[in-house]
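Please read this briefing alongside the sequence and the 3D structure. It takes up a few topics in turn.

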Amino acid sequence: MSQTRKITYREALKEAIREALTENDKVFLMGEDVGRYGGAFAVSKGLLEEFSEERIMDVPLSESGFVGAGIGAAMAGLKPIVEVMTVNFGLLAMDQVVNNAATMLHMSGGQINVPVVIRMSCGIGKQLAAQHSHSWEPYYAHVPGLRVISIGTHEDARGVLQAALQSPDPVVIFEYTSMLNMEGELPEETIKVDIESAKIRREGTDISIITYGAAVNKCMEAAEELKVEGIEAEVLDLRVLRPLDEAAFLASVSRTHRALIVEDAWRSVSVSSEVSARITEKAFYELDVPVKRVCGAEVPIPYPLHLEDASVPQKKDIVEVVKKMIRP
Amino acid sequence: MKEFLMPSLGADMEDGTLVEWRKKPGDPVTRGDIIAEVDTQKGLIEIEVFEDGYVDKLLVDPGEKVPVGTAMALIRTGDSETGQEKEQGLEFPVSEKEKVVLQPTEEHFDEKPLPQKFPGKRIKASPLARRIAEENKIDLSKITGTGENGAIIKDDVNKAIEQRTAPETEEKISETLPEKEPEKIADSGKSIRMAVAAAMSKSNREIPHYYLSKKIDMSKSLYWIKESNKERSVQERLLPAALLIKAVAKSLDEVPQLNAVWENALQIKNEINVGFVVSLRSGGIMVPSINNADLKSVSQIMDSLNDLIPRARAMKLRSSELNSSTITLTSLGEGGADTLLGVIYPPQVAVIGFGGIIEEAWAENGMLGIRPVINASLSGDHRATDGLTGNRFLTILNKNLQNPEDL
Amino acid sequence: MKENEIKQELYALLQQIAPETEPSALAPDENIKESLDIDSFDTLRFIVSVNEKFEIEIPEEDYGKITTIGLLTNYIQKKM
Amino acid sequence: MKMQSKNTERGQQLLYQILLIRRFEEKAAEEYTKTKIRGFLHLYIGEEAVATGVIQALKDEDNILATYREHGHALVRGMDPGVIMAEMYGKQEGCSKGRGGSMHLFDKSKNFFGGNAIVGAHLPMAVGMALAAKKLKQKKITCCFFGEGAAAEGEFHEAMNLASLWQVPVLFVCENNLYAMGTALRYTHAMQELAKKGPSYKMASSTVDGMDLEAVMEASEKAVKKIRTTGKPYLLVCNTYRFRAHSMFDAELYRDKKEVDEWKKKDPIPRFRDSLLKQKLITQKKVDALEERVEEDVKKAIEFAETGTFEPVENLTKYVYSENQYQ
């Protein structure tokens with residue numbers, strides 16, 4: 001066993017940004033309050049002092065403007081990391097992402113790459129009510145031309161950015177505010193992750209729990225609880241929401257013959273609906289029970305804690321559904 | 001309650017016209033009973049029921065043409081709604097309730113999903129369970145599901161496979177069913193011609209055939225038949241065809257890849273059911289099946305031929321006799337052409353053809369002699385097997401025909 | 001049994017096997033199998049029916065001696 | 001006059017360019033009616049002096065981003081007429097391999113970045129490209145064309161603010177043709193003197209008669225010089241007019257025929273030609289010869305497009321992601 005260290009999700013993200021800035025002088029971070037404020041969630045705290053105004057750029061509240069500028073800068077030879085403070089403001093720049101970043105390569109017949117990296121924090125769990133608790137990964141995952149990554153583990157918090165910066169195509173990364181303070185173990189040595197494949201976070205034989213983002217952790221906890229009852233659940237972190245690593249989840253389901261998809265986002269027209277459809281299309285004869293989903297309730301997220309908790313999947317919901325699927 | 005459906009008797013059957021009900025509401029039915037007569041493209045066919053129980057209601061009137069999969073009658077069965085009835089046998093004594101599992105209809109029946117109009121009556125089984133059941137010839141209707149809402153899941157099917165009893169007893173039951181003479185024979189010559197045309201066109205269109213042939217010295221076989229017939233009454237005499245069928249079936253034991261169907265992939269069949277081409281005097285062919293031909297003696301095969309051929313010619317074959325074959329054998333008998341290269345009957349993957357037995361100059365050990373020779377051919381589906389397999393088969397077939405006493 | 005009666009019986013037996021033919025139109029020296037297009041299986045059935053009808057034993061080696069209506073009628077007369 | 005400082009050769013080259021745009025587009029309209037070209041076809045006819053005048057003031061390494069009415073810009077930038085026509089035909093010999101069509105002309109080798117068809121959305125990109133140039137210490141400026149319709153978009157204001165805030169070298173060229181599709185300026189802008197939007201972002205700006213090629217040349221040369229010396233952005237408003245419909249399928253209910261006729265009297269092409277003749281920078285014989293050459297080049301462009309080939313359908317999903325994922 002190699003040496004490990006304890007680190008928070010936030011610190012892992014920061015290390016990744018610091019490493020990128022250090023290794024490549026074409027990389028710069030731009031976003032609202034990333035510099036003097038230290039980042040809305042303190043992810044970039046201290047980096048302005050460590051680097052410079054040139055590398056850590058505070059921008060005005062003009063999402064479309066600075067995301068578009070990030071895209072332009074990427075087209076012109078830089079490697080911008082554009083931080084959209086939260087996904088909730090992301091739609092103000094959605095046009096830039098969908099109509100410019102995602103189309104440029106195709107529209108120009110392969111001439112023009114947009115190697116921009118766009119980071120957004122997202123998710124639910126801080127009683128921030130309807131406009132500040134969004135899980136909009138599915139919107140972005142819908143768009144061909146984008147690579148959409150969801151960071152559900154410390155390993156990915158540390159490793160994804162490096163891989164994303166090496167991609168010649170636009171990458172949208174989702175980070176989860178609810179996980180920022182969470183501590184995890186990381187190996188001492190450098191982490192290499194790819195942004196093309198899903199990853200099995202826990203092996204199991206009885207059921208495949210397919211998930212991503214903040215739900216990964218809930219699924220891992222659920223799997224531990226299920227183990228006590230003699231159920232071995234496999235937890236597959238999709239990680240790449242587009243293009244989906246279909247082979248990974250089809251293979252897992254072909255082993256366990258049961259699939260549960262867990263997602264914080266609203267159920268309808270979501271990542272889970274896509275995964276479910278593909279399992280039915282391509283692994284139908286492997287299924288021993290119908291594919292099930294545990295998803296976000298279809299409601300604007302309410303403010304009170306008990307209602308907020310009820311609107312996204314919790315560990316007990318996952319455990320319950322798995323038990324029903326295995327021992328009806 | 002189970003539905004009795006218009007069966008699909010082949011890939012080329014789309015519908016059928018009910019000619020006559022053989023059972024009326026209230027009549028008891030046993031698995032294998034003829035319940036109806038149906039006119040198809042292939043002619044008048046007696047349709048069996050696959051349930052034990054009582055006829056509850058007839059849903060289709062004679063003269064009606066309905067698509068494959070349409071519910072034609074309701075059968076009240078012993079173990080219908082609740083799983084407990086099966087154990088207790090509440091309403092009717094189920095005589096051989098555990099005879100179970102072997103599914104004489106084989107995959108054609110299960111494959112065709114019932115129309116969605118009747119979703120409630122469908123056997124609820126997971127896709128995986130269905131797949132395993134099909135591969136192992138397990139009849140899902142005999143299994144009680146332990147899954148969600150009583151759905152049959154993988155474990156249930158696996159349990160059924162473990163508990164499966166010897167399949168031979170089942171085979172006997174279906175063979176000793178009482179015969180019923182149908183009164184009328186539809187003038188179906190034309191539709192038989194059409195059906196043959198359709199199946200053969202499909203075959204030539206979709207199946208890449210390869211052909212191999214081998215001359216086989218029949219002197220030992222014919223001598224054996226002759227000697228054997230000396231001890232037999234006229235009624236019991238053997239024809240070379242019976243020996244050829246046995247020889248083919250036995251050879252398939254060693255080359256199972258040819259005893260198979262191609263449905264997106266090669267599916268090797270456990271039973272060797274040899275379909276034997278019977279030419280009709282009115283034109284067209286019928287291909288009744290001699291089931292488990294490898295397990296039958298030559299005499300038993302001859303008995304089967306004596307039973308099947310006249311019924312085939314009279315078009316009085318049962319549906320299961322028409323759709324259970326796993327390979328086809330076609331033989332010209334004496335006279336006529338020397339070589340016969342057959343067209344595969346889909347979804348099978350091979351057809352064995354025998355030309356007429358003719359006398360030929362034959363060199364053996366440097367000596368020339370006159371021998372009765374038969375030209376055996378194999379038409380194979382190149383998607384399923386290669387010439388190497390076919391070659392092996394013909395070699396083994398020759399060996400078997402040189403040792404008729406072992407057949 | 002007279003020759004003519006035997007012939008009439010034979011015509012009836014052949015008619016059963018090949019219903020659409022007219023066996024009575026066969027010339028006495030015409031090959032039955034070839035003219036009526038009867039295969040080996042039906043030939044065997046015919047021989048079986050002759051055997052049952054006239055209660056005579058026909059060994060296999062005699063099959064070559066009974067290929068026409070004329071030959072067969074003679075054969076039956078001799079055996080009876 | 002400005003042109004007096006130029007030699008005759010330069011005058012002829014400019015006349016050739018502005019004529020080429022006009023004839024090329026007239027031919028395109030014809031081909032459109034024959035269904036050789038489909039989709040939207042937005043013609044620049046009437047506005048040619050703007051692209052011709054501005055782009056001649058730029059260096060080859062300067063970036064250009066244009067709108068969906070960009071055939072003229074692409075031609076002046078030096079893209080081959082045949083390759084542009086092939087693109088409009090949807091042929092794989094087109095500048096964007098036929099994937100873009102009329103609205104999406106791209107040529108990276110000529111620093112021509114479209115062909116952008118979401119009104120206003122390319123302004124932030126232009127700012128970003130200028131930012132990159134600044135960070136990479138390149139001397140290039142980025143020129144961004146847009147209509148007065150785009151100036152009502154939020155992205156116009158965000159881009160103006162960012163460019164000025166970051167002090168990056170962008171030449172914003174507002175081609176004010178008075179109509180945002182079919183809605184006149186007076187119905188879309190409270191402040192109709194568009195150049196005044198510059199100072200509110202602390203950005204230098206000016207207005208020029210966009211129907212006068214020589215005036216546009218002079219104004220843009222001035223603006224470009226200012227940008228190069230200060231490194232700051234500049235807003236140049238060119239008042240112009242489109243003679244033809246917004247796109248091909250447009251009944252022009254929103255404007256008076258008389259108004260169109262009035263503007264046609266200011267047609268930039270005869271105006272520039274006459275000016276050259278008057279300054280004796282060109283002869284009528286030379287003008288006729290130029291007309292013939294343009295005619296010939298347009299014919300060649302059509303031939304090139306006609307003989308082009310369609311990309312096989314198997315290639316459909318190409319260019320969605322880069323083939324070489326890691327650089």
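**Chain C and how to read the model**

In chain C, among contacts between residues at least 6 apart in sequence, 56% join residues at least 24 apart, where two residues are in contact if their C-beta atoms, placed from the backbone, lie within 7 Å. The model is predicted, and local features need pLDDT of at least 70, side-chain atom pairs count only at pLDDT 80 or more, and totals for chains, interfaces and linings use all residues. Residues are numbered from 1 along each chain as its sequence is written, while chains are lettered from A and ligands numbered from 1 in the order in which they are written.

- Chain C has four helices and zero strands, and its elements run α-α-α-α from the N terminus on; helices (H or I, at least four residues) and strands (E, at least two) are DSSP runs, numbered from the N terminus.
- Of the 80 residues of chain C, 25% count as buried, a residue being buried if 20 or more other C-beta atoms lie within 10 Å of its own, exposed if 12 or fewer, and partly exposed in between, with C-beta atoms placed from the backbone.

**Chain B as a whole**

- Chain B holds eleven helices and 19 strands, and 43% of its 407 residues count as buried.
- Of the contacts in chain B with a separation of 6 or more, 65% are made by residues 24 or more positions apart.
- Helix H8 of chain B, residues 240-254, has 15 residues that should span 21 Å at 1.5 Å a residue, and its end C-alpha atoms are 22 Å apart, which agrees; the expected span of a helix is 1.5 Å times one less than its number of residues.
- H8(B) is mostly covered, since 13 of its 15 residues are buried.

**An open sheet in chain B**

- In chain B, four strands form an open sheet in the order E1-E8-E6-E3, with antiparallel pairing; two strands pair if DSSP finds at least two bridges between them.
- Strand E1 (2-5) and strand E3 (28-29) of chain B stand at the edges with a single partner strand each, so one side of each is left without a neighbour in the sheet.
- Strand E6 (residues 53-58) and strand E8 (residues 71-77) of chain B run antiparallel and are joined by five bridges; within this pair, B:Lys57 stands opposite B:Leu74 in E8(B), and B:Tyr54 stands opposite B:Arg76 in E8(B).
- E3(B) pairs with E6(B) in the antiparallel sense over two bridges, and B:Val29 has B:Gly53 in E6(B) as its bridge partner.

- Between chain D and chain A, 36 residues of chain D are in contact with 35 residues of chain A.
- On the side of chain D that touches chain A, the elements giving two or more residues are helix H5 (122-135) and helix H6 (154-166) of chain D, and H5(D) gives the most, with ten residues.
- By class, that side of chain D has 20 nonpolar, ten polar and six charged residues, where Ala, Val, Leu, Ile, Met, Phe, Trp, Tyr, Cys and Pro count as nonpolar, Asp, Glu, Lys and Arg as charged, and the others, Gly among them, as polar.
- D:Leu162 lies in helix H6 of chain D and counts as buried, with 26 C-beta neighbours inside 10 Å.
- Not counting residues up to four places away in sequence, D:Leu162 touches A:Pro60, A:Ser62, A:Gly65, A:Phe66, A:Ala69 and D:Val127; D:Leu162 and D:Val127 are 35 residues apart in sequence and 7.2 Å apart in space, C-alpha to C-alpha.
- The contact between chain B and chain A takes nine residues from chain B and eight residues from chain A, and helix H3 (residues 127-135) of chain B gives the most to the side of chain B that touches chain A, with four residues.
- By class, the side of chain B that touches chain A has four nonpolar, two polar and three charged residues.

**A helix pair in chain A**

- Helix H10 (residues 246-256) and helix H11 (residues 271-282) of chain A pack at an angle of about 60°, with their axes 10 Å apart; axes are lines fitted to C-alpha atoms, for helices over the stretch in contact, and angles run from 0 to 180 degrees between N-to-C directions.
- The contact is made by A:Glu246, A:Phe249, A:Leu250 and A:Val253 of H10(A) and by A:Val275, A:Arg278, A:Ile279 and A:Lys282 of H11(A).
- By class, the contact of H10(A) with H11(A) has five nonpolar, no polar and three charged residues.
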